[in-house]
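Please follow this walk through one protein chain with the sequence and the coordinates side by side.

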Amino acid sequence: MKKTTAFKVLLVLAISITITSCKRSSSSNSSRATGWDINSKDGGFQYNTKFQEQETAPGLVFVEGGTFTMGQVQDDVMHDWNNTPNQQHIMSFYMDETEVTNKMYTEYLDWIKRIYPPTDENFKAIYDGALPDTLVWRNRLGYNEVMTENYLRHPAYGEYPVVGVSWIQAVEFANWRSDRVNEMYLENAGYIARDAKITSVEAGQTFNTDTYINAPKEVYGGNDSLTNPQNTRRRPQTTASGDTINVYAGRETGIISPKYRLPTEAEWEYAALGLTEVRSYNIYRGRKKYPWDGQYTRSGRRKIKGDQLANFKQGKGDYGGIAGWSDDNADITNKVKSYQPNDFGLYDMAGNVAEWVADVYRPIVDDEFNDFNYYRGNVYTKNAINEDGTVKLVTTDDIVYDTLPNGKVVARNLPGEILQVAVDENETYLRSNFDKSDNRNFRDGDKRSSRYYRDSFNEDEFGEDGDKNSMTSKMYNSPKHHVESDSSGQLIREYDKSDKRTSLINDEVRVYKGGSWKDREYWLDPAQRRYFPQDMATDYIGFRCAMSRVGSKSKGRNKSKN
């Protein structure tokens with residue numbers, strides 16, 4: 001009996017030790033690699049072990065990824081032949097619930113005007129370059145001056161989608177939005193002082209996400225008092241000797257959000273189809289014609305039967321129907337959320353305005369090379385590094401401006417950002433997944449895709465007039481217009497007047513998707529695609545932003561199944 005009792009005691013002790021050991025090894029604050037403590041107050045490795053899932057950023061809705069048939073158009077009355085159905089898989093991401101509105105864009109303009117006052121000659125071009133082109137409303141045989149003068153600024157149009165914005169301007173808006181949202185997150189978490197979101201400082205004394213991550217002491221123009229933890233409501237962790245640690249938030253904190261950006265063409269088309277609630281075989285295989293269910297543009301629901309489900313041009317001289325009957329309630333654009341959302345909760349994915357997407361246009365989608373998160377337009381860059389190993393920040397003298405065909409000058413970087421340079425052999429050597437910085441024309445005119453490629457191509461030798469030999473370096477022979485400003489600010493415009501150009505397609509034209517208030521029903525099909533120069537704007541193209549999702553594919557399903 002004594003032996004049995006002793007054995008039971010030993011068994012209980014063994015079980016207790018095992019359980020204690022398991023608890024210790026499974027603790028979120030104990031490393032499974034070394035057994036060392038994580039997040040201890042005496043220093044060491046700091047990591048957010050309580051992170052659950054990505055927070056939905058302002059204005060966005062979650063789009064769960066999956067597979068779909070891209071490019072499955074229902075009609076091809078234009079005979080473009082620029083769509084071939086192909087199976088694609090899209091990772092989960094977030095997308096703006098609505099198009100970017102005039103009110104959202106004028107908030108951006110107000111911030112730029114405060115930080116980079118146009119009264120300062122050094123910054124005048126920054127504000128002017130961000131302004132939408134309000135002259136897009138003019139028509140030689142139409143009276144539209146009321147929109148030219150009021151559409152952007154008047155509160156009556158505040159919740160209408162912004163137009164007159166080029167692709168380049170849309171990208172710059174997304175960059176600005178990323179910085180403002182991350183600045184808010186860091187302030188709320190106590191890593192930035194409550195008065196950090198100042199709106200009248202010298203240029204460069206602003207918050208930039210990449211600068212904060214790579215050189216946090218340089219944000220706000222080096223004014224460390226704004227990021228010093230003593231000026232925040234967050235009590236910093238300290239070492240045993242009293243030194244502060246974890247002063248700045250890195251990516252491992254989970255606080256810094258991925259960037260806002262333009263959606264890729266594949267993401268936009270997938271989100272517009274809204275397949276989440278519909279599981280029929282034909283729709284899964286890509287037979288859904290519109291963002292809503294059914295083959296018609298009118299609602300079949302008893303409550304709103306006969307109502308138009310989108311804002312589009314119904315016929316020649318018919319932009320909305322007869323007043324008071326069969327009307328889509330809009331002459332031009334309409335207020336966002338005026339029509340029912342699709343199954344992802346996204347509004348106006350057909351009609352109202354067409355929308356810029358990130359991709360460079362090509363008549364085909366190269367699904368042979370990639371069928372996962374397809375995107376054409378990658379230009380890889382890296383941070384410029386000073387001789388002392390620190391990152392090089394953009395100064396007033398380093399601002400890069402693009403001169404657009406309409407004479408507008410757009411700033412492509414701003415003081416306080418990290419200067420970007422093309423990747424080089426240090427990043428590409430012996431890589432199989434990429435071998436150069438600019439991949440916009442990959443498998444489309446380079447060695448991998450043209451049997452006529454010449455390594456010794458010399459434009460001076462063959463000329464620029466469309467000669468057969470001079471076309472061998474690229475597949476598309478588009479006009480080469482040149483616009484720049486001289487030292488006095490006068491524009492120099494050089495038009496390509498060659499009669500031997502064969503295409504308008506080049507690496508500076510971008511895809512836009514969806515029908516607009518100015519388009520017929522045909523263009524409401526999410527698979528339809530068109531292109532437009534990235535530096536030009538119209539009265540019918542707007543945009544919305546997207547954001548990548550980090551972590552699990554599905555919201556609320558990232559918990560361990562063990």
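In helix α7 the residues Glu265, Ala266, Glu267, Trp268, Glu269, Tyr270, Ala271, Ala272 and Leu273 are buried, where buried means under 20% relative accessible area, exposed means over 50%, and partly exposed lies in between, with a 1.4 Å probe and protein chains only. Helix α7 spans residues 265–273 and is mostly covered, nine of its nine residues being buried; helices here are DSSP runs of H or I with at least four residues, strands are runs of E with at least two, and both are numbered from the N terminus. After α7 comes Gly274, which has a positive phi, near 55 degrees.

Before going further, note that this is a predicted model, in which local features need pLDDT of at least 70 and side-chain atom pairs count only at pLDDT 80 or more, while totals for chains, interfaces and linings use all residues. Residues are numbered from 1 along each chain as its sequence is written, and side-chain values use heavy atoms, with hydrogens and water left out.

Glu267, buried with a relative accessible area of 6%, meets the side chain of Arg261 in a salt bridge at 2.9 Å, N to O, and Arg261 is partly exposed at 22%. By this rule the count comes to 29 salt bridges.

Another of these pairs joins Arg440 and Glu508, with the closest N and O atoms 2.9 Å apart. Because Arg440 lies in the loop between α9 (425–428) and α10 (459–462), and Glu508 in the loop between β14 (491–494) and β15 (509–513), the pair ties together parts that are 68 residues apart in sequence. Arg440 counts as buried at 14% relative accessibility, whereas Glu508 is partly exposed at 35%. Arg138, partly exposed at 48%, forms a salt bridge with Glu145, the closest N and O atoms being 3.0 Å apart.

How do helices α2 and α5 pack? Helix α2 (residues 102–115) and helix α5 (residues 167–188) meet at an angle of about 75 degrees, with their axes 11 Å apart, the axes being lines fitted to C-alpha atoms, for helices over the stretch in contact, and the angles running from 0 to 180 degrees between N-to-C directions. That makes α2 roughly perpendicular to α5, since angles of 65 to 115 degrees fall in that class. On the α2 side are Met104, Tyr105, Glu107, Tyr108 and Trp111, which meet Gln169, Glu172, Phe173, Trp176, Arg177 and Arg180 in α5, contact meaning heavy atoms within 4.5 Å.

Helix α5 also holds Ala170, which is buried with a relative accessible area of 0%. Leaving aside neighbours within four places in sequence, Ala170 is in contact with Val165, Leu262 and Phe543.

As for confidence, the mean pLDDT of the protein is 82, and 79% of its residues reach 70 or more, pLDDT being the predictor's confidence in each residue, from 0 to 100. Over residues 280–284 the pLDDT stays under 50, and the model has seven contacts for them beyond four places in sequence.

How values were computed. Parallel < 35°, antiparallel > 145°, perpendicular 65-115°, else oblique. Salt bridge = Lys/Arg side-chain N within 4 Å of Asp/Glu carboxyl O.
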